[in-house]
Amino acid sequence: MSLLEDRCTLWVVAAPVIVLFVIANLPWQLDDYDQAKQAFTSFEMVKEGHWFYQHTPHERVATKPPLVGWMSAALFVVTRSWEFAWRLPPLVAALALALALFRAAKDAYGRVAAVIAVSAFGLNLLSPRLATLVRTDMPLALVVFLIGLLVWQRVRHEDEWKLRDQVYIFVLLTVAMLIKGPIVYAFLLPGIALFQCRAFKERRPRQPSTPNLMAGKPSLLASAARGASAWPGGWPWLASLAIFLVWVIGGIRFQPGFYEEVVMREFVGRFGETIHRPQPLLFYLLHLLHKFAPWSVLMIGIATVGLRSRGWRLRSVFREMPPETFWLLCWSIGGLIVMSLIPSKRVDRIFPVIPPLCLLLAAQLAPRTSYSHGPAGRSSRIESNETADRAVATKTALARVYRWSTIALAFAILFTGGYTGWKVITRYRDHRDVLAVLGRNIRHEAEAHHWRYEVVSAKDEGLLLYLRKTHFVDPADAIAEWNTGNLDAVVASKEKAAVLMRDLKGAALSQLQSNEGEQDHQGRGYVLITR
């Protein structure tokens, strides 16, 4: 029995994946990847009641729809902890995505393929980082995967789209729209278009090829094309877009600066090269090969072996490919192509293509491991078995694929675990949470002494959240409030504190401040001024 077939292997994989998801961003802080902007939306909802349109800590209009902020606000009401309220939505989304991926892969391709699929999802350089990052990437990836999974199931079972399925698509699309806007289209519509084009081509009446006539069978895609459709109908897409446009129109109408910040800068600006920093066309592809290693290498290796066994006849590969596998390929490649064409790029934005790539990896392993146990095991599965027999003709080849997968799994556990552990240790050593610690200490002292305090305008957006304030104050306003007795303490940068001290009557620097060397290392020196 292969190590991958051992029932304990799943727990050997699940344990480090869960641990990495939880610890990857320790010590928790909000000073990178625009985390403070996302966290501030829910904070503003609770503190000021701005439930539909929020701002950034520097009082610019927030550019993301409010759904994830609503989740965090609700969690805060239950837990009374902002740290958990901000980080539970992406963590729960990551765990739910892993579970959905495992169940889908196990049902279609067997336990071994499912274990590898979950390993690929959890043991790479992107998933652990995003699992507790205060961003919308992981919730969006979950919703995109669930939509793609519904399409995959309809294609796999050759089922027609029923009203219930279309309602599911509509609900999920609406959720995706209220998480991050129409970007969901970029991850799904290109793949659907590619699949439908191929299906349309296969549906055209034509004479079967001589080899297929001799074998007494058509190609897999041709035989399934009449029943397999990836298009759920137009109304779910239009209805969800209409709901999103209601939010957009309301923002333009009632929120000053919304049109400039959200419509022009955040949306239209992504397609230009003047507002956001453009990246090369192959930016995402190269980063996926790196961040998704060793699974990217394993997928390329398995595909190369299969292509070689067919004498490098690429048409043969597509002709014999089951339609559900072809959908996974279209889904992954379509999203990658469209996102690569957008000039503005950042590595975390391509993350929603990772889950379908993991399911595609499971499909690659299926003929070499186990076959479908579900209701889809009909003629297409028989064809897949025959294709697998031709792709891996000997037990030696089968053992080689098992060995590659085992090596990839071991490498992923060691590399991802080691890299993540090293990053966590480095962040603790460099005191990356210096501002979070300072803010927590100041809050405790303010509660103990009943201080009224404010934060003077600063570059670091997270400082407001660490101190649980909704607005920065200008230095002139801080001086006026202090001298009239309305303030007991002021938090300011070292540079501004030196100026403020001359005008604040009876002011003194508190001993409560982070280690000076730590602040200088971060480039963020802040002090507490008290009476």
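Helix 13, which spans residues 258–267, has as its buried residues Phe 258, Glu 261, Val 262, Val 263 and Glu 266. Viewed down the axis of helix 13, these buried residues fall within an arc of 155°, so they line one face of the helix. The model described here is a predicted one. Helix 13 also supplies the largest share of the lining of the largest pocket, namely six residues.

- An α-helix has 3.6 residues a turn, so residues three or four places apart point the same way.
- Helix 12 (235–254) is included in what covers the buried residues of helix 13.

**The largest pocket**
- The space in the largest pocket amounts to about 1300 Å³.
- Its lining consists of 48 residues, and those that lie nearest the centre of the pocket are Thr 63, Lys 64, Glu 266, Phe 267 and Arg 270.
- By residue class, the lining divides into 21 nonpolar, 17 charged and 10 polar residues.
- At least two lining residues are supplied by each of helix 2 (35–48), helix 7 (137–157), helix 9 (183–203), helix 12, helix 13 and helix 17 (323–341).

**The protein chain as a whole**
- The protein chain contains 25 helices and four strands.
- Of its 531 residues, 55% count as buried.
- Among contacts in the chain with a separation of 6 or more, 77% are accounted for by residues 24 or more positions apart.
- The chain exposes about 24100 Å², of which carbon and sulfur atoms supply 63%.

Notes: Residues are numbered from 1 along each chain as its sequence is written. This is a predicted model: local features need pLDDT of at least 70, side-chain atom pairs count only at pLDDT 80 or more; totals for chains, interfaces and linings use all residues. Side-chain values use heavy atoms; hydrogens and water are left out. Buried means under 20% relative accessible area, exposed over 50%, partly exposed in between (1.4 Å probe, protein chains only). The arc is that of the directions from the helix axis to the C-beta atoms. Contact means heavy atoms within 4.5 Å. On a 1 Å grid over the protein atoms alone, a cavity is a set of points where a 1.4 Å probe fits but cannot get out, and a pocket is an open set with protein on both sides within 12 Å along at least five of seven lines; lining residues have an atom within 4 Å of a point. Grid points are joined across faces, edges and corners, and a volume is the space filled by probe spheres set on the points. Ala, Val, Leu, Ile, Met, Phe, Trp, Tyr, Cys and Pro count as nonpolar, Asp, Glu, Lys and Arg as charged, and the others, Gly among them, as polar. Accessible areas come from the Shrake-Rupley method with a 1.4 Å probe; for residues, only the protein chains shown count as cover.
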